[in-house]
Each structure stands twice: as C-alpha cells, then as structure tokens.
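Subject: Structure for you to look at

Hi,

Here is the structure I promised to pass on. Please open it and keep it beside this email while you read.

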Amino acid sequence: RPGELFEASGLARDPRRPDLFWIHNDSGNEAVLFAVDAAANLAGTTPVADATNRDVEDLATARCPEGWCLFYADIGDNLSVHPDVRIHRLPLPPLPTDAAVPSAPVRPLMSYTLVFPGGPRDAESLFVDAERGELGVVTKGRADIVELYVADLETLETVDGPVALERVGSLDVPIGASTAQFITGADLSPDGRRLAVRSYTTVYLWDWDGAANFDTLSAPRSGTLIPALEPQGEGIAFTTDGTALYLASEGVGARQPKLSRIDCRP
C-alpha cells in the first residue's frame, strides 16, 4: 500500500524475524509504525500513543531492560529552531498477523528530552549502541558539517528532565553545496562494529568502537546509492545477520516510495 507510506523515513530491523522491518512516515502524518517484509509487502500496522510526533525522522532497534525496544526519534528540525528534541523508547510491537487489522497501540516505556549544546541542530539520523551504553545522533549537514552527538543511556534512564548531548566530533563526509549529500539516516550493525550513515545518494561505513574511540576512526568506506533509483532516500537498517543494508525512500510526485537492499559483508 504505497500510499500509506508515501513519506517513509525511519527504518529498523525486527530482531525476531530476519524478513521483517519497521518503518514510519515523517512530519505531518499520524504516529504509526508499519511492518513490512523484505519484499516491501505491508505486514501490519501499530499506532504509537502518548509520544510526541512533531517531526519523527528515524528508528533504531536495540537491547533494553525489557529485552528489545524500538527507539523512536522525534529529532527533525529543518529550521533549527526547537530548543529540545525527543526520543521515545517503545516496546517492540507484537509480530503482525493481519495487514488489514492494526494491533493495539504501543506507548513509550521511557521518553528522553535532549538538548544540543550551542543551540538547535537539524538531525534525521539515530543509532543506539546498547553494548557501550550510548545513543548517537548524526546531524543532517547544514552549514557544510556533519556532527556526531552522543548521550549516555543510563543517564537518560535516570534523569528527570533535559539531558545535554555531547558533541563527539565531525564525520568525514563531504557536503559542499549539494543537498544530495545531506545525511538522512544511520544504523549500527547488530554486532556493534560498523556504523552506517546514508545521504540521498551515498552510504558510508565506519569501523565502530564507541564514541570514546572516535578520534581513531579511519576514513569511511563509501558506495553510491544512485543505482537504487530512490525518489528521496531516508531510511537505512542492517539485516539481522549484518550482511546487508535495507534502504527506505519517500515517494516524490508520481514516483512511489521504495524499499531496496544493498550487500555490505564485512
């Protein structure tokens, strides 16, 4: 049902089924999670209740106290005017059984309020490193710089109020004058060893060893996404075995949203 996911943005794998992914639309749409299989067939829908829905831009799956959770990132800010952003930790929805019947709504187990040091930033990319206890946000690349910010998960779980993100550094990603290189999605491999970041046209892969070792990051490997023919690519997620990446694209005009796959074996 491409019309229901015309503004497909965030994408996350379901750890329980290797052929299942969760997607959401971005700003201006209802707060709903869509389950799709590896062939882009709609498998089910789950509403999200009691969470902010200003401009949700990305999803991440990670271990959590309850087992597995979805991190639902309301972090978009095209004009860089919002004093804070929100990320909601949701329970994984039930595995879908009927695409025509929505499951019961999921509600946040925790909601985090985050503040960028130095003022608002526009960001569309989230990853969660549960092994090292870090949540990462990658900015879109306005002002010709792509920045990485992190927050400590334990702090987010215990502090009642806004938490300041820590600026780790800038990623070696060319932006220049082209909006085609704006960063629109991120994901961490299931083994926690590779960080994938995408733009509209390119995917970048870093060997990842946590934010504390950011200064040792080598130049990323990169590959073009142009053969995928995405109308406006925004989502990215590793498969459960870490051998491939799935990509989600919004639709544009008469061009329908799209789900693609690219191999990325270590």
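Below is what turned up, from the whole chain down to one residue.

Please keep in mind that this is a predicted model.

Start with the fold. The protein chain has 20 strands and one helix. Its radius of gyration is 17 Å, close to the 18 Å that the globule rule gives for 266 residues, so the chain is as compact as a globular protein of that length. The C-alpha trace spans about 45 × 45 × 35 Å along its principal axes.

Buried residues make up 54% of the 266 residues. The chain exposes about 11000 Å², and carbon and sulfur atoms supply 51% of that area. On charge, there are 39 negative and 22 positive side chains. The centres of these two sets lie 4 Å apart.

Now the contacts. Take those with a separation of 6 or more: 51% of them join residues 24 or more positions apart.

Then look at the largest nonpolar core. It has 23 residues. Phe71, Ile87, Leu114, Leu126, Leu135, Val137 and Leu156 touch the most other members. Several elements each supply at least two residues of this core, including strand S6 (67–74), strand S9 (123–129) and helix H1 (153–158). Another core, of 20 residues, lies apart from it; among its members are Val150, Leu171, Tyr204 and Trp206.

Last, zoom in on Phe71. Which residues does Phe71 touch, leaving out those up to four places away in sequence? Among them are Leu59, Ile87, Tyr112, Leu126, Leu135 and Leu153. Phe71 also touches Asp58, His88 and Arg89.

Best wishes

Terms used:
Residues numbered from 1 in each chain as written. Predicted model: local features only at pLDDT ≥ 70, side-chain atom pairs only at ≥ 80, totals over all residues. Heavy atoms only, no water. Helix = DSSP H or I, 4+ residues; strand = E, 2+ residues; numbered from the N terminus. Rg over C-alpha atoms; globule rule 2.2 N^0.38 Å. Buried < 20%, exposed > 50% of the residue type's maximum accessible area, 1.4 Å probe, protein only. Contact = heavy atoms within 4.5 Å. Areas by Shrake-Rupley, 256 points an atom, 1.4 Å probe, with all protein chains shown as cover. Lys, Arg positive; Asp, Glu negative; His and termini not counted. Charge placed at Lys NZ, Arg CZ, Asp CG, Glu CD. Core = buried A, V, L, I, M, F, W, Y, C linked by side-chain atoms within 4.5 Å.
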